Amino acid sequence: MKISKRAKDVPPSATIAVTARAQELKARGVDVVGFGAGAPDFDTPDYIKDAAVAALKVGKTKYTAAAGIIELRTAIADKLRKENGLEYSPDQIVVTIGGKHSVYEAMQAVLDPGDEVILPTPYWVTYPEAIKLAGATPTIIQTDKNNSYKIRPSQLRKAITKKTAMVLINSPNNPGGFTYTPEELKAIAEVLEGTNVYVLSDEIYEKLIYGDTRFVCFASLSEDAYSRTLTLNGFSKAFSMTGWRLGYTAGPLEVIKAMGRLQSHMTSNPVTFGQYAAIAALGEPAEQAIENMRVEFERRGKYMAERLNSVKGVQCPEPTGAFYCFPDVSSHYGRNINGTTINGSMDFAKALLEQANVALVPGLPFGCDNNVRLSFACSLEQITKGLDRLEKWLAQ
Ligand code: PMP
């Protein structure tokens, strides 16, 4: 049967084998501790659900403008002005079917075959595939733990060629759990001055920052940064709305128009009653619901990192954002644990699951084979249990 080259070149998710095996074990009644979650373990706050129900009841059940209803784009523009100091008109905003769709659409809108996109490790697994689906090539830059896995301005400067069309910045970061400081982002912005390079700034974990971490939008750093940045955000993580599929991009008018044109043929508008719920999400009562979730994540992240660092041969920076710990476990590579030789993060994840019933995500598909990702979108009780098992397993 003929399958397009484009589709054939998209690999199955490298993490799927571990996830599928964890599910299989669970179905058999094995008590698996799961650190794989990419979604907050909180329900969507009631006032957001109520707004969706109310919208349904008054008949908000038909098509809308492809880029989203003007009321929602206005509410997003207000949010960006009030919270982030950014001036975008509603025309400069497109509401998409989740942040993931924003990534895809932004790349389809600005990239051509032959273009290069600078992608620092660790990266979210969707980015390289979206880059390749646009015909472009990822230029992967290896970062190191001594710089908390952040790209250095000198690395960026070296990586830029005539073909560079975009740089991807994701802060707070999945899977790294780190957040760039405003000064670090400024230094990156300065390297880009005088180039034609876009920045796709994925800010979807904006609300989940810890300790004295400060969040700034890349586009707010300078006029130059504003003119080249596509600001990507969404409702999934901040409002615990992963299943609603609502994201957005704000940026230069021409780019947003191009994304809207693509969207009008690909999907049409995001779900209509969901858009009304999204307006409610951005309203006042949101503040407390977000803060409660953030505080709980902060407590768990701190505990998880402390515990991981106390395990022999494991190094983990304390997360400053998102809900992931990304420890380096490579000092255990080359060891034989219970008859299994651990030669990398895939072996590590597989053996830990089989032998100690703890599911985590190998770092290889994020571009960092020395690491593994543990999500703390689960209860403290589960975290304690899972880390007890991990510690015992590695102590053998
Ligand atoms: N960006 C990053 C870095 C993510 O981790 C995710 C979700 N895993 C997304 C974007 C997209 O989220 P959604 O499509 O649910 O809005």
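These notebook entries follow my look at the sheet and the salt bridges of a predicted model.

Entry, the sheet. I traced an open sheet of seven strands with mixed pairing, and read its order as E2-E8-E7-E6-E5-E3-E4. At its edges I found strand E2 (93-96) and strand E4 (137-141), each of which pairs on one side only. I noted that neighbouring strands of this sheet are turned against each other by 20 degrees on average, direction ignored. I then followed E2 to strand E8 (residues 247-250), where the two run antiparallel and are joined by four bridges, and where Thr-96 stands opposite Gly-247 in E8.

Entry, salt bridges. I looked up the count, which comes to 25 salt bridges, and picked out several. Asp-31 and Lys-385 meet through their side chains at 2.9 Å, N to O; I placed Asp-31 in the loop between helix H2 (16-27) and strand E1 (33-34) and Lys-385 in helix H14 (residues 380-394), 354 residues apart. Asp-31 is partly exposed at 40% relative accessible area, and Lys-385 is likewise partly exposed at 31%.

Entry, helix H14 again. Arg-307 forms a salt bridge with Asp-388, with the closest N and O atoms 2.8 Å apart. Because Arg-307 lies in helix H12 (residues 286-309) and Asp-388 in helix H14, the pair ties together parts 81 residues apart in sequence. I found Arg-307 buried at 14%, whereas Asp-388 is partly exposed at 37%.

Arg-228 and Asp-224 form a salt bridge at 2.9 Å, N to O, and both lie in helix H9 (residues 223-228), four residues apart, about one turn of the helix. Arg-228 counts as buried at 7% relative accessibility, while Asp-224 is partly exposed at 23%.

Methods. Residues are numbered from 1 along each chain as its sequence is written. This is a predicted model: local features need pLDDT of at least 70, side-chain atom pairs count only at pLDDT 80 or more; totals for chains, interfaces and linings use all residues. Side-chain values use heavy atoms; hydrogens and water are left out. Two strands pair if DSSP finds at least two bridges between them. Axes are lines fitted to C-alpha atoms, for helices over the stretch in contact, and angles run from 0 to 180 degrees between N-to-C directions. A salt bridge is a side-chain nitrogen of Lys or Arg within 4 Å of a carboxyl oxygen of Asp or Glu. Buried means under 20% relative accessible area, exposed over 50%, partly exposed in between (1.4 Å probe, protein chains only).
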